[in-house]
Amino acid sequence: MTRLTVMGDQSVIVSVASATATHGGAVHGVYFRDELAALGIGERERRLMVQTGELTVPRKDWYAAATCSPKVKEAVKAGGVLACVSALSYYGFWVPPGYRDLHVRSARGKSKTSCRGYSPKAAGRTAVDPVTTALECAARCMTEEDWIAVCDSVQNTMNLSAEALRGEMGSLPKYVEAMFGKTDARTQSGTESVSRVRLRGCGYKVVVQPEIAEVGRADLRVGRLVIECDGRQYHSSAEEFQNDRTRDRKAAVGGWIVFRLTYDDVLFGWDEVLQDIRAITQKDRHRPRRPRTKSGR
Ligand SMILES: [Zn+2]
């Protein structure tokens with residue numbers, strides 16, 4: 001009997017097409033009937049596998065392996081496919097907190113609770129929407145700054161420019177096009193994305209991934225203020241801990257002020273962070289007296 005192999009969720013995504021293909025069936029373990037046929041499992045064998053409990057049937061014509069992703073199975077059982085914010089999170093992109101757990105795109109597209117994109121695309125016959133469809137839906141379900149952060153994460157992880165990613169998607173409303181214009185593939189963490197978008201929204205001139213003399217690349221720079229953003233799962237090794245302290249020391253020698261922002265600072269304590277950034281910038285201490293970096297953008 002054919003055994004279905006389900007790998008963990010941590011597969012490497014190298015392109016939009018391969019992300020779709022990889023996650024189309026073999027990884028999450030939930031298959032449309034035709035996908036099983038493509039794997040060489042015909043009707044007879046399929047029935048046998050259902051009888052023996054190797055496959056369950058969350059919805060007509062959909063089959064789930066015993067070791068499938070429960071969330072994907074739940075989406076299929078709910079009448080659609082895993083979509084939108086949930087699909088992006090499932091693919092391992094950075095997704096900010098505060099969104100409901102299960103975003104489903106309904107097969108009929110008319111359900112009130114169904115997520116939907118901008119093109120009248122029926123839910124596909126793969127149990128998880130492709131990255132581009134998920135981004136389209138998420139533009140409706142997420143706030144602007146959150147969507148930009150996820151889009152940054154997609155671009156950075158998949159090594160795609162905003163233009164390349166945009167090219168993979170259909171026609172979009174103007175406001176989504178404008179959001180694309182605010183994304184940045186160089187951004188290395190969600191907290192960095194959110195900080196950048198908010199600071200620019202306040203009128204600050206923010207340099208992304210600035211080169212700081214004697215220090216190297218930092219996350220963000222506003223005048224003389226260098227901002228380092230830590231991700232949620234940031235647990236530094238002894239080596240990283242030492243490296244961060246050396247960088248801070250070198251930056252101080254160069255006349256830079258360094259802020260290290262944590263996930264909680266950015267997501268839950270932003271008002272205070274902004275107050276502190278304003279305190280520095282209002283004193284006009286943030287402007288370098290002379291250019292210290294090559295990238296004085
Ligand atoms: Zn949604």
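Modeller: One term before we start: a helix crossing is left-handed if the near helix is turned anticlockwise from the far one by less than a right angle, and right-handed if clockwise. The model is a predicted one, where local features need pLDDT of at least 70 and side-chain atom pairs count only at pLDDT 80 or more, while totals for chains, interfaces and linings use all residues. Residue numbers start from 1 along each chain as its sequence is written.

Biologist: OK. Which hand is the crossing of helix 6 and helix 7?

Modeller: Helix 6 and helix 7 cross with a left-handed sense. Helices here are DSSP runs of H or I with at least four residues, strands are runs of E with at least two, and both are numbered from the N terminus. Helix 6 covers residues 131-141, and its axis comes within 10 Å of that of helix 7, at roughly 165°. Axes are lines fitted to C-alpha atoms, for helices over the stretch in contact, and angles run from 0 to 180 degrees between N-to-C directions.

Biologist: Parallel or antiparallel, roughly?

Modeller: Helix 6 and helix 7 are therefore roughly antiparallel.

Biologist: Which residues of helix 6 and helix 7 meet?

Modeller: Val131, Leu135, Ala138 and Ala139 of helix 6 meet Trp147, Val150, Cys151 and Val154 of helix 7. Contact requires C-beta atoms, placed from the backbone, to lie within 7 Å. By class, that contact has eight nonpolar residues, no polar and no charged. Nonpolar covers Ala, Val, Leu, Ile, Met, Phe, Trp, Tyr, Cys and Pro; charged covers Asp, Glu, Lys and Arg; the others, Gly among them, are polar.

Biologist: And at what angle do helix 7 and helix 10 pack?

Modeller: Helix 7 (residues 144-158) packs on helix 10 (residues 190-201) at about 135°, the axes being 9 Å apart. The two are therefore oblique to each other, and their crossing is right-handed. Glu145, Ile148, Ala149, Asp152 and Ser153 of helix 7 make the contact with Gly190, Ser193, Val194, Val197 and Arg198 of helix 10. That contact of helix 7 with helix 10 has four nonpolar, three polar and three charged residues.

Biologist: How many bridges join strand 1 to strand 3?

Modeller: Three bridges join strand 1 (residues 30-32) to strand 3, and Phe32 stands opposite Trp62 there. Strand 2 (residues 55-59) also pairs with strand 3 over three bridges. Leu55 has Ala65 as its bridge partner in strand 3, and Thr56 faces Ala64. Strand 2 and strand 3 form a hairpin with two residues between them, and Asp61 in the turn has a positive phi of about 70°.

Biologist: Is strand 3 (residues 62-65) buried or exposed on its faces?

Modeller: Both faces are covered: Trp62 and Ala64 on one side, and Tyr63 and Ala65 on the other, are buried. Buried takes 20 or more other C-beta atoms within 10 Å of the residue's own, exposed 12 or fewer, and partly exposed lies in between, with C-beta atoms placed from the backbone.

Biologist: Where is Arg125?

Modeller: Arg125 is in the loop between strand 5 (104-106) and helix 6. With 16 other C-beta atoms within 10 Å, Arg125 is partly exposed. Setting aside neighbours within four places in sequence, Arg125 contacts Phe32 and Asp34. Arg125 and Arg33 are 92 residues apart in sequence but 8.8 Å apart in space, C-alpha to C-alpha.

Notes. Angles under 35 degrees count as roughly parallel, over 145 as roughly antiparallel, 65 to 115 as roughly perpendicular and the rest as oblique. Two residues are in contact if their C-beta atoms, placed from the backbone, lie within 7 Å. Two strands pair if DSSP finds at least two bridges between them.
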